[in-house]
There are 2 protein chains.
Amino acid sequence: MFTGCTISPHHCACFNKLTEEQKKQLETKSVTIKYKKGEVICKQGSFASHILYIEKGLAKVYLDDGQNSLVLKVIPPGNLLGLTSISEENNNFQYSAMAYLDSEVKQIDISFFKQMLIQNPGFAKEVIDILISNSIQINGRFFCLTHKQSYGRLADILLCLADRIFKSQEFELNLSRKDLAELSGISAETVVRMLKKFKEEDLIQLDGKSFKIKDYAKLKRISEIG
Amino acid sequence: MFTGCTISPHHCACFNKLTEEQKKQLETKSVTIKYKKGEVICKQGSFASHILYIEKGLAKVYLDDGQNSLVLKVIPPGNLLGLTSISEENNNFQYSAMAYLDSEVKQIDISFFKQMLIQNPGFAKEVIDILISNSIQINGRFFCLTHKQSYGRLADILLCLADRIFKSQEFELNLSRKDLAELSGISAETVVRMLKKFKEEDLIQLDGKSFKIKDYAKLKRISEIG
DNA sequence: AAAATAAATTGATCCAGATCAAGGCACGAT
DNA sequence: ATCGTGCCTTGATCTGGATCAATTTATTTT
């Protein structure tokens, strides 16, 4: 029912709503920056002069209080990042983001973005839809991390990676065990133990960073039962 | 830094942006319904033909998978409910809501609401701001419930009630211990024990449903340390 | 006011998963 | 090669808080 999956299944559609003229303007009002894996793309609390759009790579969005960190979502190409900064009262980043893989990020001037919201109702409506789908997704993850137990959460993430990121039952996961732990909201040691168990029970095949989902149905069941 | 507080600190400002004409129309497109404490206002999954606006009372918004329940937020008068249903792809309620106290709720025709989004960019912008502030709030709560421990969460909720609902250090809490438990994401028994501890340590005064914050600063510290 | 029902409190037990500690392994730097 | 530094893995231990069970106190219902 609810999934801890952090990855939006669709591209954001808002830019399609811009007129040709506006699209041209957009190009002059934006610039693309490259980030290496592990680099910080935006920092919680800092002033936000841009809305970000992931063109290539993968980024994680997380909250941090200096002590603990919570991954809110993972953003694949085709999605916006930093939308919360367009609010009038919170014009700084409400979360941090880091490149999970080498990435390219388009920075869009925030006042241009706001101008589009006012000038182009279709664009605004699309942005609203994006915000809503973000909320729904995060609510699901919220439910997951607070009510499912670790097994289910890990199964969830594995399926999410297979389905939404790699679109294959077999993949090379370029993330550390610690990253995986963060994603599923459990400790790195526990992740290792659980992966081992999944392997023993023949639900997955695992060798270092090579993953293969062997029993999708059973993993699905585990993710649902919790 | 992050708070588990579920209550939005401000009224929604979007209706101010409507023209006089549109405000009049709004009246013809909406109707106010009364709910008794405990009644369900909207049910997760059901078709949403209206956007809801809390006029009086208090409502809780929660997710439910039949097994567990997670309170996303508590909505005081002056706030919208069910905004997620204006999305094109999710035109049903993404969560349930229940009256915490006797309440009055205005139901606004959803297609009228959508029409306003298109016709009135100022209105749309305001709705975007509301969605953003909702997300920020829920993200904070998310962090709280996953990373703070129970003590901090309970302290958090008590301060939130005092500051945002009752606007007084002393209040009569019309919620059961179980409700309080749900709000802070812990079991009812644990809530009782912790309240007792708070009382013993002279942080609060407590008699049944009468609460009084005696040491705000210390509670604040507990809520921050976790 | 007595009976029935629900909520609050307290104590005892249990367990998922964190944390701590220690080795094994891989890979970039010297 | 070999040193170092950081991941991965495994085992041992600890604990916050859930759950279960039983009693007490409120609140309805009749």
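Biologist: What makes the area between domain 1 of chain A and domain 2 of chain A count as buried?

Modeller: Buried area is the accessible area (1.4 Å probe) that two parts lose on being put together, summed over both. For these two domains of chain A that comes to about 1000 Å², with 57% of it on carbon and sulfur atoms. On the domain 1 side, Tyr100(A), Cys144(A) and Leu145(A) supply 45% of the area buried against domain 2, more than any other three residues. Bear in mind that this is a predicted model, where local features need pLDDT of at least 70, side-chain atom pairs count only at pLDDT 80 or more, and totals for interfaces use all residues. Side-chain values use heavy atoms, without hydrogens and water.

Biologist: How do you know where the domains lie in chain A?

Modeller: The bounds come from an automatic or database domain assignment. It gives domain 1 (14-145) and domain 2 (148-225), and their C-alpha centres lie 27 Å apart.

Biologist: Why is the pair Lys60(A) and Glu182(A) called a salt bridge?

Modeller: The term asks for a side-chain nitrogen of Lys or Arg within 4 Å of a carboxyl oxygen of Asp or Glu. In this pair the closest N and O atoms are 2.8 Å apart, so the pair qualifies. The count between the two domains of chain A is one salt bridge.

Biologist: Which helix gives the largest share of the domain 1 side that touches domain 2 in chain A?

Modeller: H3(A) does, with four residues. Helices are DSSP runs (H or I, at least four residues), numbered from the N terminus, and H3 spans 121-147 of chain A.

Key
Residues are numbered from 1 along each chain as its sequence is written. Chains are lettered from A and ligands numbered from 1 in the order in which they are written. Helices (H or I, at least four residues) and strands (E, at least two) are DSSP runs, numbered from the N terminus.
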